[in-house]
Amino acid sequence: MQISKHLTLEECTRSETADKLKIVNNNPNLATIENMKLLAEKVFEPMRDHFKVPIHVSSMYRGLPLNSAIGGSLSSQHCVGQAMDIDMGDKSKPSNFEIFQYIKKNLKFDQLIWELGDDKNPSWVHVSFSSTKNRNQILKARKNQTGKTYYENF
C-alpha cells in the first residue's frame, strides 16, 4: 500500500527493534494511516521533491508495544502516525543538518527536533505534523549526566 508517491506502508511500519523483539502487531488503524498520509503529503514529499534523492525514514508508525519497548513517550505522535524520524547517515547528502534546516525554513510542522548528535549535525531529525494544530515548536534533544534525554528550545 502506498502512503504517498515515494513512501509505502511497509516502510512506515518497519522496525529493527520490533524484529529483534518479535513484536508482530505494528499495524496502524485507518485513522492512523490517514495521519501518515497527511504527514507524507505535507512534510515528506515536499522534502523529497526538494532534495531529489531518497529520504530515509528510520521510524514512523509505532504501535504501543513497540513504543513501550523503545522507551517512547506515552503521548508519542509516532503512535498515531503524526511523526517520523529521518536519518540520512553520516556521509549522505543531504545531511541531517540540511534536512533539519529545510524543514525549519520551508515547511509547516508541529514539532521539529534536533535529536542528539553535536552542534553541526543531529543524529537524526524528528518531525511531526498535526491535522488540527501545528505548534511550530523547535527543540533540541540532549542527554544529562545520567543518560536521560531532555529537551530544550532550539
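Is Ser-130 buried or exposed, and what is its relative accessible area?

Modeller: This is a predicted model, in which local features need pLDDT of at least 70 and side-chain atom pairs count only at pLDDT 80 or more, while totals for chains, interfaces and linings use all residues. Residues are numbered from 1 along each chain as its sequence is written, and side-chain values use heavy atoms, with hydrogens and water left out.

Ser-130 is buried, with a relative accessible area of 8%, where buried means under 20%, exposed over 50% and partly exposed in between, computed with a 1.4 Å probe on protein chains only. This serine sits in the loop between E6 and strand E7 (137-143); strands (E, at least two residues) and helices (H or I, at least four) are DSSP runs numbered from the N terminus. Setting aside neighbours within four places in sequence, Ser-130 is in contact (heavy atoms within 4.5 Å) with Gln-82 and Asp-110. Its side chain also makes a polar contact of 3.1 Å with the side chain of Thr-132; such a contact is a pair of N or O atoms within 3.5 Å, of which, within protein, one must be able to donate a hydrogen and the other to accept it, and residues adjacent in sequence count only if both atoms are side-chain atoms.

E5 pairs with E7 in the parallel sense over 5 bridges, with Ala-141 in E7 as the bridge partner of Glu-115. E7 and strand E8 (residues 149-153) pair in the antiparallel sense over 5 bridges, and in their hairpin, which has 5 residues between the strands, Gly-147 takes a positive phi near 90°.

Residues up to four places away in sequence apart, Ser-59 touches His-78, Ala-83, Met-84 and Asp-85, and its side chain makes a polar contact of 3.1 Å with that of Arg-62.

The largest nonpolar core has 30 residues, of which Met-47, Ile-86, Ile-99 and Ile-103 touch the most other members; a nonpolar core is a set of buried Ala, Val, Leu, Ile, Met, Phe, Trp, Tyr and Cys residues joined through side-chain atoms within 4.5 Å. The elements that each supply at least two residues of this core include helix H3 (30-51), strand E4 (83-86), helix H5 (96-106) and strand E6 (124-128), and H3 gives the most, with 8 residues. Among the residues that Ile-86 touches, beyond four places in sequence, are Met-47, Ile-99, Ile-103 and Val-125. The axes of H3 and H5 come within 11 Å and cross at roughly 115°.

Terms used. Two strands pair if DSSP finds at least two bridges between them. Axes are lines fitted to C-alpha atoms, for helices over the stretch in contact, and angles run from 0 to 180 degrees between N-to-C directions.
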